[in-house]
Amino acid sequence: MVKVRFYKTVPFITSLVCVALLISISDPASFGWERLVSGAAFAILVVFTATFRAPLRGGFVSLMPMVTLAGYLVLGLATSGWVAFLSSFIHGLIRDRFLTLPEEKRVHQIYGVINLAAANSTVQTLSILTAGIAFQAIGGTTPLSNFDIPLITSWVVLGATYLAVSYLLSGFFSATRGLGNLREYLRAVPLMIFYEGAPLIFSPYMAFLYTQYGLTAYFFMVLAIYASTLITRDLAISRAFLERELAERESLESLSQLFSSTLDLDAILMGVYRQVVKIMPAECFYVGLYDAESEEISFPLVIENEARVHWPSRYGGRGLTETVLKTRRPLLGRERTDLLRQRIDLDEGVREASSWLGVPLQAGDELLGVIAVQSFSASNLYDMVHQKALLAIASQAAVAIKNAQLYANTDLALKRRVQEMDSILRTVSEGILLIDLANRVVAANRAMAELLGIERQELIGLPLLDTSSPNVQPILNRLGYSAESYLQACQELSGEDTEYLKELVAFEGLPPRQVERTHIPVHNRHRKITGWLLSYRDISVQIQLENFRQDMLHMLIHDLRSPLAVVQGSLSAASNALSETGHGQLLSIIKLAQRSNERILRLVNDLLDIGKIETGELLLNPTWIQLDGLLADVINQAQPTAENSSISLEVNIDGSIPPIYGDQDHLERVFINLVDNAVKFTPDGGRVSVWSRFEESDAPAVIIGIDDTGPGISEEAQAWIFEKFHQVNATRGRRSGTGLGLYYCKLVVEAHGGKIWVESQPGKGSTFAVRLPARSVLLGN
């Protein structure tokens, strides 16, 4: 769905073309009450799924494509076209009432709302009409009344055409908002295809339920869609706000560290820019500094489209920057700046922007200038959350800028600068400890004293390496050092290769705290080391937020497993019932859905087990396992897939290998993953071989290998093939993967004390080998 309004008339014109097309293909006589009721039912569901969508970087995903195609299979081309047009138009008109995600931007002007609705209607109407014509061209018929083998091909063409046209048109409308929006949208397309394309498998099933069993079955299907949509939406809202809050907190903490370590104005401003663009879009970022005596506004930093540019100083103007200075209040421009200037009676700007946000820089009562961001291509880009975040950054930056200005002034201002620095040290949240080359503490702030539980004055002058002092060793320990590790860190930092050392340190207390320690050398202007700076930042809250995010992810995966299990049970029951009644064609379609659901369920189980292994929560259930029986079961499961592609499965298992001791379920899944990967990447007519051997050594082991005649793996890819979410040759296999299978295999094998590796050359196939300890031999001895 297109996210923001357009100022051009293209959406309005294209929507009128869509209306004309629908009128031309519609037969008024076919629109009876039953057809109208069915159309209204699907239209309501389309509006609901489009409204309660989930965000992706660059766009949104929803179950709307699944519902729209199901409506087409029930209602036919003309009626489903009207449903797509009207429901998308209604969604565009009411969407602002349901905006809760930070990625969703509100449209304020009525012409913007209408253009947005027209654009969405154009995309959805042309997509379903094109897909329907392609479906009918290859023999597809509506309404869907039975399943047969040609339906699979027709259904694939229907879904692929719909998604292709939808994404092409959405990309076109994104391009009208600027190339930056188009690039962001294109980066999101692969994920959008996955999340919106996968549910399309249920469209024929949904249509068949409606046509065969009426509104009752449809009602239960709607309830399931409503529930899954709302659960996904709620989880997405929590995740989006949590990630945004975490990003803002990290930016403020990074700036706090930067401001306490430098007085260079340019470094401070560049640091502010880097943190601002992490939490909000900014095609243009600038800082305007104000001189109250001369009323001059200078621009020491202006960055447009990631390139630094020069703006001349100006005096006494009546622009947006001057308005922020005059009112000392933020100014949020949700509309184009030329309209904003007309509304508040300001002078014209050199270049008008579509979105603008500026906040004042104030150190106490002193007005220093303005920080502003703007976008030339996207309107309504900033909101109150962005304004609050920019204000927080500006309040910290103002003190640092003030200190930098004092540092650059005459010696007469030196005392004031020192006082300001001392104020920063007293108020900064990080613990700061300054140590000279004699390893004596020369400065410490209040946060450091509170962290150690020692008065600040007692720390000053303390010799950290003088073990005759009774307090030295306990303080070094609380700083996370021993005498040896402290000297080793200083020696490492004395070289040219290491700029700083960062490490996580646990501080005891109630409650216990996790603190990030940064060890930095202090240089003079000749780049000679004159001492050491230790910075301690409490990241307990950050870790708790990260743990909460992980818990939310695990909860999402766990909640997915229950409805998938229910769907799997329902499909199995339907399959058994159809087997007895002889509906062979319908049975084949349900078997297809059943296999797809099994793959999703396996993925959910893999994700849950991976999370448990990573956190140490997975308990293995070891038993004595006959390896030849285990591998025979794996081969039997892989045989049907291999036979479909004329792949020869060869087995060379040493039956004399003694039993191994391990978790049979997890080891079986490991070898199923490896054999399935081998079959997936082996061309038709190829060969996959499974073998095993016993290795005699001081540490006896069993080696299990899987050879294939596939395309092979480059040496570079072999280095990270077992990492999470990494895939090799993803486009050359028979089906796409998730990048989790080999990572799961690695975790399980290592949990058994074993090792997994790959040997391969491009064009010469691959061998995946697993080495497991022969614990039966060890225990027997």
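Modeller: Here it is, and what follows is a set of questions about the labels, each set against its cut-off. Please keep in mind that this is a predicted model.

Biologist: How do you know what span to expect for H3, residues 64-75?

Modeller: The expected span is 1.5 Å times one less than the number of residues. H3 has twelve residues, and its first and last C-alpha atoms are 16 Å apart, close to the expected 16 Å. Just after H3, Gly76 has a positive phi of about 95°.

Biologist: On to the rings. Why is the pair of Phe299 and Trp311 called edge-to-face?

Modeller: Ring centres must lie within 6.5 Å for a pair, and planes over 60 degrees apart count as edge-to-face. Phe299 and Trp311 are 5.4 Å apart centre to centre with 75° between the planes, so the pair is edge-to-face. Phe299 lies in strand S4 and Trp311 in the loop between strands S5 and S6, so the pair ties together parts that are twelve residues apart in sequence.

Biologist: What makes the pair of Tyr481 and Tyr486 edge-to-face?

Modeller: Their ring centres are 5.5 Å apart and their planes stand at 80°, so the pair is edge-to-face. Both tyrosines are buried.

Biologist: How do you know that the charged end of Arg517 sits over the ring of Tyr481?

Modeller: The CZ of Arg has to be within 6 Å of the ring centre and within 35 degrees of the ring normal. The charged end of Arg517 is 3.8 Å from the centre of the Tyr481 ring, and it is placed over that ring. Lys755 likewise lies over the face of Trp757, at 5.6 Å from the ring centre.

Biologist: Now the charges. Why is the contact between Arg314 and Glu322 called a salt bridge?

Modeller: The limit is a side-chain nitrogen within 4 Å of a carboxyl oxygen. The closest N and O atoms of Arg314 and Glu322 are 2.8 Å apart, so the contact is a salt bridge. Arg314 is partly exposed at 34% relative accessibility, whereas Glu322 is buried at 11%.

Biologist: What makes the salt bridge between Arg771 and Glu695 a tie between parts of the chain?

Modeller: The closest N and O atoms of Arg771 and Glu695 are 3.2 Å apart. Arg771 lies in strand S21 and Glu695 in strand S18, so the pair ties together parts that are 76 residues apart in sequence. Both count as partly exposed: Arg771 at 24% and Glu695 at 26%.

Biologist: How many salt bridges does a search of the whole structure find?

Modeller: The search finds nine. Salt bridges that share partners join Glu253, Glu516 and Arg537 into one network.

Technical notes
Residues numbered from 1 in each chain as written. Predicted model: local features only at pLDDT ≥ 70, side-chain atom pairs only at ≥ 80, totals over all residues. Heavy atoms only, no water. Helix = DSSP H or I, 4+ residues; strand = E, 2+ residues; numbered from the N terminus. Phe/Tyr/Trp six-rings, centres within 6.5 Å; stacked < 30°, edge-to-face > 60°. Buried < 20%, exposed > 50% of the residue type's maximum accessible area, 1.4 Å probe, protein only.
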